[in-house]
Structure formats: structure tokens, C-alpha cells
Amino acid sequence: MIKSVEKILNIQIEKESYSSHLYLSMASWAETTGYEGISQWLYVQAEEERLHMLKFIHYVNERGGNSLISAIKTPPAKFKDVLEVFQQVLKHEEFITASINEIVDICNKEKDFTTLNFVQWFVAEQIQEEKSARAIIDKLKLLGKQNLYLLDKDIMAMRAAAEPAATV
Ligand code: FEO
């Protein structure tokens, strides 16, 4: 495997792992704050991020590289409200989209068309990830606090209606 590609894929493994930790922390906060549906949505999202991490790990190893499993920094544990949570989700997903685009850029420069093909799945996935975070933020902005209880119940239904969950 081309060293520069292996290096950036290992950086992405760490980022996907952090994504999983971040959403786990948000899920736990939501669970203890009374938002059952939002908490479930975030727990499922944390699991998806773990699957993203595994996809990269398996790919690097199958291509003759070595996946590195590194320590992850502690994610934030306290949030002002659910709007802040989803604004942070969106900001983080935009950061991940930029990372995926960097991988595409390196693959093009190195003419690594196999990895370029592999990473296309993530290019498409990021469109969905940003879209679902934006959809929830839009709904939260439209609602008053009294309706937040009903939205919380709807959040998991929104997820079920979206794209099928990622698989390894
Ligand atoms: Fe793995 Fe949400 O990007």
C-alpha cells in the first residue's frame, strides 16, 4: 500500500473512532436528560461510526498495510441543549467530509484508483450524514420547547425512514 495513503487512512481510523466516542457521549447526555428518542438516535449513530472505523481498518489490512489503533481524546460530556448537540454533530460531520475529500485528493495525486474507488462509499455516506443532521436542526429551530417531547419520539422514526444503516 502506498505509504501516504496508508498514513491518511490511519488518521481517518482515529477520526471515525473519535466520531463514535463523541456520539456515545452525546447519547449518554441525552439519556440522562430525558430525551429517549434522541439518545437512541445517537447510540445508533455511534455504532455506525464504529462500523466506519472498522471498514477503514479492514481495508488497510487487506491491502497489505497496517492499521493503527490509537488513543482517543475525551469528547465533551455536557451540552447546553439538544440544538447545540445537533449543531455540533453537523459541524463534526462537515469536518469528516473535508477529511474524506483529503483522502480523495491524495488518491488522485498518487494515482491510487483502488482506494479512490473504496472511498467513494464514504463520499456518498457523508452527503446522508450531513443531510440528516441538518434536517433535525431545521426541525428543532421550528419547534417550541413544549413540542420537543413529540419531536423526541419522532427522531427514531426519521432514522428508520432514511438510508439503510452502514454495513462492514
Ligand atoms: Fe463516519 Fe459520520 O462519518
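Predicted model: local features only at pLDDT ≥ 70, side-chain atom pairs only at ≥ 80, totals over all residues.
Leaving aside its neighbours within four places in sequence, which residues is S39 in contact with?

Residues are numbered from 1 along each chain as its sequence is written, and side-chain values use heavy atoms, with hydrogens and water left out.

**View 1. The whole chain has 5 helices and 0 strands.**
Helices (H or I, at least four residues) and strands (E, at least two) are DSSP runs, numbered from the N terminus. The order from the N terminus is α-α-α-α-α. Along the principal axes, the C-alpha trace spans about 55 × 30 × 20 Å. The radius of gyration, taken over C-alpha atoms, is compared with a globule rule of 2.2 Å times the number of residues to the power 0.38. For 168 residues the rule puts a compact globule near 15 Å; the protein has 17 Å, which agrees. Accessible areas come from the Shrake-Rupley method with a 1.4 Å probe; for residues, only the protein chains shown count as cover. The protein exposes about 9200 Å², and carbon and sulfur atoms supply 55% of that area. Buried means under 20% relative accessible area, exposed over 50%, and partly exposed in between (1.4 Å probe, protein chains only). Of the 168 residues, 45% count as buried.

**View 2. S39 lies in helix α2 (residues 36-62).**
A contact means heavy atoms within 4.5 Å. Beyond its neighbours within four places in sequence, S39 is in contact with A27, A30 and E31. S39 counts as buried because its relative accessibility is 3%. Across the protein, take the contacts between residues at least 6 apart in sequence: 79% of these join residues at least 24 apart.

**View 3. E47 also belongs to helix α2.**
Its relative accessible area is 43%, so E47 is partly exposed. E47 and H21 are 26 residues apart in sequence. In space, their C-alpha atoms are 9.4 Å apart.

**View 4. K3 and E6 form a salt bridge.**
A salt bridge is a side-chain nitrogen of Lys or Arg within 4 Å of a carboxyl oxygen of Asp or Glu. Side chains of opposite charge can pair when their charged atoms come close. Here the closest N and O atoms are 2.9 Å apart. Both residues lie in helix α1 (residues 3-33), 3 residues apart, about one turn of the helix. Is E6 buried or exposed? E6 counts as buried, because its relative accessibility is 8%. K3 counts as exposed, at 61%. The C-alpha atoms of K3 and E110 are separated by 10.0 Å, although the two residues are 107 apart along the chain.

**View 5. E94, E130 and R134 are linked in a network of salt bridges.**
R134 and E94 meet through their side chains at 3.2 Å, N to O. R134 lies in helix α4 (residues 113-142) and E94 in helix α3 (residues 82-110), so this pair ties together parts that are 40 residues apart in sequence. R134 also forms a salt bridge with E130, with the closest N and O atoms 2.9 Å apart. R134 and E130 are 4 residues apart in helix α4, so about one helical turn separates them. R134 is partly exposed, with a relative accessible area of 36%. E94 is partly exposed too, at 35%. E130 counts as buried, at 13%. By the salt-bridge rule, the count for the protein comes to 5.

**View 6. K111 is found in the loop between α3 and α4.**
What is the phi of K111? The angle is positive, about 55°, although K111 is not a glycine. Most residues other than glycine have a negative phi. K111 counts as exposed, because its relative accessibility is 60%.

**View 7. The protein has 19 positive and 24 negative charges.**
Lys and Arg count as positive and Asp and Glu as negative; His and the chain ends are not counted. The place of a charge is taken as NZ of Lys, CZ of Arg, CG of Asp or CD of Glu. The mean positions of the positive and negative charges are 3 Å apart.
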